[in-house]
Amino acid sequence: MNLPNIKEARKRSEKEVLVKRDEYRVPLEMKKQGVGKYYCIYTYGCQMNVHDSENIKAIMEEMGYSLLEEMDEADVIILNTCAIRENAHNKVHGMLGRIKHLKETKEGVITVFCGCMAQEEGIALELKEKFPWVDIVMGTHNFHKLPFYLENTLKTKKQEMEVFSVEGDVIEGIPVKRDSRYKAWINIMYGCDKFCTYCIVPYTRGRQRSRLPEDILREVNDLVSDGYLEVTLLGQNVNAYGKDLDLGYGMADLLRDVAKTGIERVRFVTSHPWDFTDEMIEVIALYKNIMPYIHLPLQSGSTRILEKMGRKYTRDEYRRLFYKIKEMIPNVAITTDIIVGFPGETEEEFMETLDLVDELKYDLAYTFIYSKREGTPASCFEDDTSEEVKKERLQRLNEKINQYARENNEKYLGKVVKVLVEGESDKPGKLMGYTDTMKLVNIDNKKDVIGKIIDVKITEAKTWSLDGEVVDGE
Ligand code: SAH
Ligand code: SF4
Ligand code: F3S
């Protein structure tokens, strides 16, 4: 048994990061474990977790298990959790209730709890004491050992808990079962060293570890050979890629090399404004297959709040970067993240955020009410703003965000844009896909366009999406 510890998780060691290529293995006898059995997996949180789930699915299938969409008939139920805000917790607690109920009516169901919540000290303790029926608790650094945990728990019928607070290695060779045949997530780095004062991620994902360029490029080349059209390079702070490697090779170099593989579309998330170099902007502008879409989290428009958040840029530095990107990358779309109600945020400071939103007119923004995370520096900051005021601020902000989202979308009316058609839309009878600039487009169903990048004429603009029709000849 190994429990996480928040103080340990804060430490950043000087130890060299190792690339481990044979850490992941499934012994022969375990490959039959799941034959004739089913698993299902519920994924919460960011793309990082979505991609981890793609790895976990492949691991399960190497053991012979088959995937189910729902838990009712499953032999193994996996919760891949997120810890970013309190409401992420609430959803998971609801799910644990459902699973417990199922376990009471069906014998032998195994529950696996993993992801960022498992890395939280308080949650791990709660699982140990209040939810002893959760069979396996494993952290973000060691989910590749799932076959061994399953084997043990089947033998001992006891709770297996292994969560490491500190982990400095990069594990290569974990298999992946991708959700899409056309677009793929690729981790280029793990962890985060930025320690924004409100954020739990540096504790749940550990220190920044970049993958080696050759491993990333091999993965992209394999995807090109397999017919993939789009890759998204993933990291909490992709602009800092390579800083921990000392190879003199950074994000601009990686973007250039990934673009040169010839893959149709290259995307990347997330870009912390701090490490955005001019060279990166030049590379993005130069290569046509690097998509003109940048997610550039602002968090707050007030320099005082930004400083308290530990974001390391001022309102003006952010504005300058924003305009530089807009100037140098034609037709670029910029989206953002904003937190309202950070401890001590005054009405005037919130107005600074609103003013900046009025000025920059984002294509889209993800907005959140500040959520206190145990163990982070901001959890000790004095917070005298009521929840009611915070909710009201969020609403005022969202009105503006929606207004600009719609206005930006209206600029597409009548235009012909490239869309990678991914599959069926939620809207009955329609297909869906994204533009270069990451706008969601619903298009009329037409045969043989799924999995292709096609010309689409935009016929209607809404706040969250566009409608379009396939241009003749496609
Ligand atoms: N690494 C990314 C963000 C990852 S988390 C970056 O730095 O840009 C995604 C978003 O969740 C953040 O941008 C932030 O807006 C929000 N977030 C993170 N911690 C939060 C908290 N404690 N309360 C509310 N929102 C939070
Ligand atoms: Fe969290 Fe900041 Fe790291 Fe983003 S950069 S993951 S907000 S600590
Ligand atoms: Fe959530 Fe962990 Fe991602 S906390 S947002 S799943 S890195």
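These legends walk you through several close-up views of a predicted model.

**View 1. The surroundings of ligand 3.** Start with the residues that gather around this ligand: Cys46, Asn49, Cys82, Ala83, Ile84, Cys116, Val201, Arg205 and Gln236.

**View 2. The surroundings of ligand 2.** Here the shell is made of Cys192, Lys194, Phe195, Cys196, Tyr198, Cys199, Val201, Pro202, Gln236, His272 and Arg311. Seven of these residues count as nonpolar, two as polar and two as charged. Look for Lys194 and Arg311 to find the charged pair, and for Gln236 and His272 to find the polar one.

**View 3. Helix α9 meets helix α11.** Two packed helices are described by the angle between their axes and the distance between the axes. In this view, α9 covers residues 278-286 and α11 covers residues 315-328. Their axes come within 10 Å and cross at roughly 25°. Because angles under 35 degrees count as roughly parallel, α9 is roughly parallel to α11. The crossing of α9 past α11 is right-handed. Which residues make the contact? From α9 come Asp278, Ile281, Glu282 and Ala285, and from α11 come Leu321, Lys324, Ile325 and Met328. Five residues of this contact are nonpolar, three are charged and none is polar.

View 4. Where does Thr270 sit? Thr270 is in the loop between β13 (265-269) and α9.

**View 5. Asn331 and its positive phi.** Asn331 is a residue other than glycine, yet its phi is positive, near 60°. You can find Asn331 in the loop that runs between α11 and β15 (333-340). Is Asn331 buried or exposed? Its relative accessibility is 59%, so Asn331 counts as exposed.

**View 6. Lys361 and its positive phi.** Lys361 is likewise not a glycine and has a positive phi, near 50°. The loop that holds Lys361 lies between α12 (347-360) and β16 (364-369). With a relative accessibility of 37%, Lys361 counts as partly exposed, because that class spans the values between under 20% for buried and over 50% for exposed.

How values were computed
Residues are numbered from 1 along each chain as its sequence is written. Chains are lettered from A and ligands numbered from 1 in the order in which they are written. This is a predicted model: local features need pLDDT of at least 70, side-chain atom pairs count only at pLDDT 80 or more; totals for chains, interfaces and linings use all residues. Side-chain values use heavy atoms; hydrogens and water are left out. A residue is near a molecule or strand if one of its heavy atoms lies within 4 Å of it. Axes are lines fitted to C-alpha atoms, for helices over the stretch in contact, and angles run from 0 to 180 degrees between N-to-C directions. Helices (H or I, at least four residues) and strands (E, at least two) are DSSP runs, numbered from the N terminus. Angles under 35 degrees count as roughly parallel, over 145 as roughly antiparallel, 65 to 115 as roughly perpendicular and the rest as oblique. A crossing is left-handed if the near helix is turned anticlockwise from the far one by less than a right angle, and right-handed if clockwise. Contact means heavy atoms within 4.5 Å. Buried means under 20% relative accessible area, exposed over 50%, partly exposed in between (1.4 Å probe, protein chains only).
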